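User: Could you take me through a few parts of this structure?

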Amino acid sequence: MMADPGETLAGPAPGARLLRRVTGSLSARIGLGLLIAAVLAALLAPLLATHDPDAIDMAARLLPPDATHWAGTDEVGRDLYSRILWGARTSLGIGLGVVAIGALAGTLIGGFSGLMGGWIDAAIMRFMDLVMALPGLVLALALAAALGPSLTNAMIAMGVLGVPGYCRVARGQALALRQHGFVLAAHTFGAGPWHILVRHILPNLMAPMLVIATLDVGNAMIGVATLSFIGLGAQPPLAEWGAMVNAGQSYILSAWWYATLPGLAILLTALGFNLVGDAIGSLANPKGDRA
Amino acid sequence: MVLHIDAAEVRYGTVRAVDGVSASLGRGETLGVLGESGCGKSTLAQAILRLVPLAGGAIRVRGFDVGSGRGAGERQYRRDVQMVFQDPQSSFNPAMRVADIIAEPLAVQGIGDRAERRERAIALAGAVGLPAARIDSFPHEFSGGQRQRIAIARALALEPALLVLDEPTSALDLSVQGQILNLLLELQRARGLSYVLISHNVAVVRHLADRVIVMYGGQVVEEGAAGEVLSAPRHPYTQALLSAVPEVDGPDFLEAIVAADELAAHPSGGCRYAARCPLAGPECARDQQLLALEDGGSWRVRCWRAAPGGSPE
């Protein structure tokens, strides 16, 4: 049978608590502010940008920030302020996309593995150990290279890399959940594994997985930026923060703003995700203050 | 016969949590299973529901072999027997509303469409005295007694022949306990239900049960008509349970540990209660069978000192 999302969502009370938690502490408010700024930059890029982000102007190469070019220009005279704004779309999209791939696949596989137990669980988890044992970036490189150099493929590679981590957490949670009264009760109605997974395990995995996913968005952005650096991610002239940092580092001594300002954008956005993730995490664990 | 248990055995590692328990139950009857924490009574309940595997013996629910039965009979078995759990709150998925909780067994068994299942859930809520207006609330918004009503409504959804009640009132206030017990009696009369009532509470068992088995260390130590066993117990352990009602009213973890230790220390030989028994003598180092107190009688005791015709005193 199919899951009905309206049936399985938690009530308004947990939602209100979530909102209070996310807006409750100073660090959470800062994090939320940073995220809102990043999202606004992405949404309003066409309005806020002062230049065409891809327009080349060889007469205005590597200019420092001034009244016309608020964040300076790069080695072909493109306006960095405008490129950072447009880059917010790419970089946020990458971060969320990569995490969505890893979290969805990892939660499903891990939830299933923990629920089934026995040799199925052992086989799945040993395979995940195998994936985790390989050096992450090398694996992503191999995957991205095999799929062909494109931003989508870089995102898939990074997403797959994240699956074992989500899988382990989801499996651990599922192992605990399957001993819960409501799962035992479902067995007594004659429920099969699919029903128990969809109705009882997955809805109760949402909160912990959301916390981890939020904390992971920053890493994902940086990971794809790394692939972009060696030509397997964002393809020129697409504005993407990671690619801009990597292009700018050649000029770090003569044009500090080129690598620094997009890097700052990555840092602040990743920080925003981490602060908000921490706040949501302390909701799931109300007794312990997270360091 | 709705339920037939024949020398059922359940093991956790080397410990025999249920060791050679036999009992049977007819339509409309209640079998009380009395004992303290760790005596194996909840494990017996789980074995009836196939939540733990049988290591030996057999359990049959309306003829279906719980230990090894598969196929078409299994589907009917899942409808024939339902359980009411000790802690109703933890037996509900916190993300589900009451209407969906009550209707979940129907959904699992593919009975009716969404609208029909909801109607059934409302009717069941009415049958257990829940206000229909609150059917779309979450279980944590209800009191303990109302939660147990929700659990009972869910257990009735598939129109089972047998309900296994695992400490159905131990999580409730005293005043609410009576209401729930009376509701169970009413439902039994109206629907011809059979109950297996698992409890450490002598008063609860006395209130509901027709027959009773008293368990200690995984074994039945005394069995018979509830009225007889609970008014003039013959086994020293049953006597201790009855004389010490306040002591056994809550979970006594120390005793549970002692009981488990005794199990481990005496996996095969001798009376398992001997270490705690005030009447223990040299003969108690040998195994004793369940012996009828009189020829052909149904009142049976596993005690050297309570031999037929005799009395432990």
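Analyst: What follows covers a sheet in chain B and a helix pair in chain A. This is a predicted model, in which local features need pLDDT of at least 70, side-chain atom pairs count only at pLDDT 80 or more, and totals for chains, interfaces and linings use all residues. Residues are numbered from 1 along each chain as its sequence is written, with chains lettered from A and ligands numbered from 1 in the order in which they are written.

User: What's the strand order in the chain B sheet?

Analyst: The order is S2-S1-S4-S5 in an open sheet of four strands with antiparallel pairing, where strands (E, at least two residues) and helices (H or I, at least four) are DSSP runs numbered from the N terminus, and two strands pair if DSSP finds at least two bridges between them. Strands S2 (15-25) and S5 (64-65) of chain B each have a single partner strand, so one side of each is left without a neighbour in the sheet.

User: And how many bridges join S1 to S4 in chain B?

Analyst: Five bridges join S1 (residues 3-12) of chain B to S4 (residues 56-61) of chain B, and His4(B) has Arg60(B) as its bridge partner in S4(B).

User: Switching to chain A, at what angle do H9 and H10 pack?

Analyst: Helix H9 (residues 193-229) of chain A and helix H10 (residues 241-248) of chain A pack at about 50°, with axes 8 Å apart, the axes being lines fitted to C-alpha atoms over the stretch in contact and angles running from 0 to 180 degrees between N-to-C directions.
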